[in-house]
Structure formats: C-alpha cells, structure tokens
Amino acid sequence: MLNYIWLGLIVAAVLIGAINGSLESVSKEAFERVEFAVMKLALPLAGIMALWLGIMRLAEKAGLIQILASLLRPVMRRLFPDVPVQHPAMGSMLMNMAANILGLANAATPLGIRAMKDLETLNPRPGIATNAMCTFLAINTSSIQLIPATAVGVLAVNGSSNPSAIVGTAILATICSTIAGITAVKLLEKLPGYRLPPIAVEAGRAGSPLPAAPSEDAGAHGVTRPTFAEMAWRTSLAFATPSR
C-alpha cells in the first residue's frame with residue numbers, strides 16, 4: 001500500500017509540474033532532496049547511530065539486558081498468563097523487551113521473531129494469532145524507550161542546538177503508548193466478537209485435524225479462551241454456520 005501511495009505522490013508532482021510549466025523546477029528539487037537525504041542526513045546519521053549502538057552493545061555485554069529482563073519477569077507473568085514461566089517464549093519476550101527499552105533495535109528484531117516462533121508452539125490453532133501473540137505485538141510496537149537514539153541522531157544531523165532534549169518527552173510518550181496498547185489488547189480480547197468458535201466446530205467444517213473434544217472447563221459449548229485480532233474471520237464464520 002505504501003508503494004502505491006508514494007507512486008501516486010510522484011506521479012501527481014510530475015503532472016502538476018507539467019501543467020504549471022515548472023517541470024524543470026520539480027526535477028531540480030528532486031535531485032537536491034536526494035543529495036540532502038544521502039550526503040547530509042544518512043551518512044552523518046550513520047556515524048551517530050554507530051556511536052549509540054556501540055554504547056548499547058557495551059551495556060548488553062555488561063549484563064544490563066539480563067538485569068532488565070529479571071526486573072520485568074513479575075510483570076510478564078500478569079501480562080501473559082497463558083505462557084508458562086519456564087517456557088522459552090517467556091525468555092525470548094523478556095530479552096526482546098529489554099533490548100527495545102535500551103534502544104537496541106538490531107538486537108530486538110531477531111529476539112522478537114524468535115519469541116513469536118516460541119509462542120506458536122503453544123498455539124492450539126497454528127497460523128491464528130493468540131492473545132499472547134497480540135499482547136506481545138502491541139508491547140513490541142509501542143515499546144518504552146529510555147534512549148531514542150534514532151530521533152536524537154536525526155535532530156543532531158539537522159543542526160538542533162539540544163538534540164537530547166527529547167529524551168524525557170520520548171520516555172513519557174512511549175510509556176503512554178505502551179499503556180494504551182496493553183489496555184486496548186486486554187479489553188478487546190474479552191469482547192464476544194473476538195472469540196473463536198469451538199475447536200470441534202472448526203474441525204467439523206474445515207476438516208482440520210485439531211482435536212474435537214472440548215476441555216472440561218470449556219463450558220457447555222466447548223468455547224475456548226478468546227483470541228484477539230480475528231473479528232473479521234469470526235464474523236464470516238458465524239454467518240456461514242447454519243443455526244442449529
């Protein structure tokens with residue numbers, strides 16, 4: 001979708017420039033912006049990012065990520081009640097969040113991918129996101145950042161007199177975004193519209209090899225624990241299922 005948006009903006013700029021007779025100015029400005037992006041923004045930013053990543057790497061080697069992970073463990077037990085404490089997914093999520101908090105995006109990405117793979121091993125419906133997966137995605141997307149190295153670097157490259165002035169506001173903003181993300185995912189996962197039908201119904205309709213027998217505590221209709229971010233799928237299945 002973003003590719004189409006950018007293509008549309010470029011085509012619109014060329015057409016408007018041609019209509020106004022300023023196509024030459026459009027081309028000149030395009031080359032100037034390219035030069036600015038590469039020579040005055042990307043290259044200086046690479047040096048600043050290398051400095052911060054080096055500092056964060058030292059913190060990682062010194063065990064700071066492990067300390068943060070141990071501090072986050074009690075909170076994780078409440079956020080992810082479906083994930084066993086000793087499961088590898090819990091360790092992967094802890095390391096990912098600790099790396100994100102320290103601004104180690106390069107280290108956080110593979111840890112996040114590994115956490116999702118570990119969470120999939122606990123998924124009774126492979127390929128369909130569970131509550132734990134959606135909660136982890138919300139936290140990972142809106143992660144608290146103690147050191148916004150990228151934003152500080154961009155401000156420094158563009159001549160800001162005090163690029164580190166945003167650190168306090170960035171911490172406050174990411175705290176608010178994380179709270180909003182967790183609140184949204186925890187509230188939405190409890191709504192009836194986001195609940196999946198019993199596994200027995202899925203297996204009977206789709207020929208799935210999933211077990212058809214509901215658990216003892218699943219209720220009279222075998223309704224399993226609700227999952228998040230699947231309302232469209234749930235609604236279409238509800239309309240397709242004849243009433244009994």
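Visitor: Before we start, what does contact mean here?
Guide: Two residues are in contact when heavy atoms of theirs lie within 4.5 Å. Please also bear in mind that this is a predicted model.

Visitor: Good. Then what does His87 touch, not counting residues up to four places away in sequence?
Guide: Beyond those sequence neighbours, His87 touches Asp118, Thr121 and Leu122.

Visitor: And where does His87 lie?
Guide: His87 is in the loop that runs between helix 3 (64-79) and helix 4 (88-101).

Visitor: Is His87 buried or exposed?
Guide: His87 counts as buried, because its relative accessibility is 18% and the cut-off for buried is under 20%.

Visitor: Let me step back. How many helices and strands are there in the protein chain?
Guide: The protein chain has 10 helices and 0 strands. Read from the N terminus, the order of elements is α-α-α-α-α-α-α-α-α-α.

Visitor: What share of the residues is buried?
Guide: Of the 244 residues in the protein chain, 31% are buried. The chain exposes about 15200 Å², and carbon and sulfur atoms supply 68% of that area.

Visitor: And the contacts, how many join residues at least 24 apart?
Guide: Among contacts between residues at least 6 apart in sequence, the share that joins residues at least 24 apart is 68%.

Visitor: Can we look at one residue in a helix? Where is Thr174 found?
Guide: Thr174 belongs to helix 8 (residues 166-188). With 16% relative accessibility, Thr174 counts as buried.

Visitor: Which residues is Thr174 in contact with, leaving aside neighbours within four places in sequence?
Guide: They are Ser142, Ser143, Ile144 and Gln145.

Visitor: What lies 3.0 Å from a polar atom of the side chain of Thr174?
Guide: That is the backbone oxygen of Ile171.

Visitor: Changing topic: how many salt bridges does the count come to?
Guide: The count comes to 2 salt bridges. In one of them, the side chains of Glu29 and Arg33 meet at 3.6 Å, N to O. Glu29 and Arg33 both sit in helix 2 (residues 23-61), 4 residues apart, which is about one turn of the helix.

Visitor: How accessible are Glu29 and Arg33?
Guide: Glu29 is partly exposed at 39% relative accessibility. Arg33 is partly exposed as well, with a relative accessible area of 48%.

Visitor: Which side chain does Glu189 meet in a salt bridge?
Guide: Glu189 meets Lys186, and the distance is 3.9 Å, N to O. Here Glu189 is buried, with a relative accessible area of 9%.

Visitor: What about disulfides, how many does the count come to?
Guide: The count of disulfides is 0. As for individual cysteines, Cys134 is buried at 8% relative accessibility, whereas Cys176 is partly exposed, with a relative accessible area of 46%.

Visitor: One last thing. Which residues form a nonpolar patch on the surface?
Guide: Met1, Leu2, Tyr4, Ile5, Trp6 and Leu9 form a nonpolar patch, and together they have about 800 Å² of accessible area.

Visitor: And where is Leu9 found?
Guide: Leu9 is part of helix 1, which covers residues 2-20.

Definitions and conventions: Residues are numbered from 1 along each chain as its sequence is written. This is a predicted model: local features need pLDDT of at least 70, side-chain atom pairs count only at pLDDT 80 or more; totals for chains, interfaces and linings use all residues. Side-chain values use heavy atoms; hydrogens and water are left out. Patches are made of residues with over 30% relative accessible area and no salt bridge: like charges are joined within 9 Å, nonpolar side chains (Val, Leu, Ile, Met, Phe, Trp, Tyr) within 5 Å. Accessible areas come from the Shrake-Rupley method with a 1.4 Å probe; for residues, only the protein chains shown count as cover. A salt bridge is a side-chain nitrogen of Lys or Arg within 4 Å of a carboxyl oxygen of Asp or Glu. Helices (H or I, at least four residues) and strands (E, at least two) are DSSP runs, numbered from the N terminus. A disulfide is a pair of cysteine sulfur atoms within 2.5 Å. Buried means under 20% relative accessible area, exposed over 50%, partly exposed in between (1.4 Å probe, protein chains only). A polar contact is a pair of N or O atoms within 3.5 Å; within protein, one must be able to donate a hydrogen and the other to accept it, and residues adjacent in sequence count only if both atoms are side-chain atoms.
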